[in-house]
Amino acid sequence: EGSMRDAESILDQVIAYAGKKITLDAVVDVLGIIDRKVLYQMSGAILGRDPLECLRILDDLYNQGYDVGQLGKDLLRHLRDLTVAKVAGDPSSLIDLPEAEIADILGLASQAEYPEFLCLFDIMKKGLEDVMRTTQQKLMMEVTLVRMARLEPMIPLDEITSRLEAMEKRLGERVAAPVRRVPSEAAPAAPVERAARQEAPMSAV
């Protein structure tokens, strides 16, 4: 009964806001739900190393009255989905999203490596804890987003292995190459030999 009253109250708010023509956008605005498109825009800016775009998106949401803490929670969940999509061949059974959105998640997940998603998740988790503890929520979220967007790309392990093998091969070729000897100048005569040559003409006389 209480849930029904809550639903009726929400419906009344939506009707008061949007009139008789109720749309999903109107419900989202009334409930303060963050549009999932914003999460894709934000994660795209993070993976694209664009901190200014992250700050712009956050500023737009803040000016529209969206809750910064809720944004952090939704973004953390979104990063979890990206991480799962990165490690799972078919994440549809592990991610509670429509099939069309699963394809979008997989597309984003292809832009970074698994360790990078783990780092982004950890940064967001720590940042969200800071956001929920402070009265300066927007400021803390800005710092968190900049940290995420400025995270250095991580080199895949197989690429590191390939580079090391190539380096080892080059070093091995250098060691195996024959050493060319440079001809040295004739060594100077020994002191005894020089003395003999100097005395020879005198004995002839």
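Is E142 buried, partly exposed or exposed? E142 has a relative accessible area of 25%, so it counts as partly exposed. This value, like the others below, comes from a predicted model.

**Helix α8**

E142 forms a salt bridge with K138, and the closest N and O atoms of this pair are 2.7 Å apart. Both residues belong to helix α8, where they are 4 residues apart, about one turn of the helix. K138 has a relative accessibility of 17% and therefore counts as buried, the limit being under 20%.

D59 is partly exposed, at 31% relative accessible area.

**Helix α4**

A salt bridge joins the side chains of R56 and D60, at 2.7 Å from N to O. Helix α4 (residues 51-63) holds both residues, 4 residues apart, about one turn of the helix. R56 and D60 also belong to a network of salt bridges together with E53.

The table lists the accessibility of residues in these pairs.

| Residue | Relative accessible area | Class |
|---|---|---|
| R56 | 39% | partly exposed |
| D60 | 32% | partly exposed |
| D59 | 31% | partly exposed |
| E142 | 25% | partly exposed |
| K138 | 17% | buried |

**The whole structure**

Side chains of opposite charge can pair when their charged atoms come close. A search of the whole structure finds 11 salt bridges.

Terms used
Residues numbered from 1 in each chain as written. Predicted model: local features only at pLDDT ≥ 70, side-chain atom pairs only at ≥ 80, totals over all residues. Heavy atoms only, no water. Salt bridge = Lys/Arg side-chain N within 4 Å of Asp/Glu carboxyl O. Helix = DSSP H or I, 4+ residues; strand = E, 2+ residues; numbered from the N terminus. Buried < 20%, exposed > 50% of the residue type's maximum accessible area, 1.4 Å probe, protein only.
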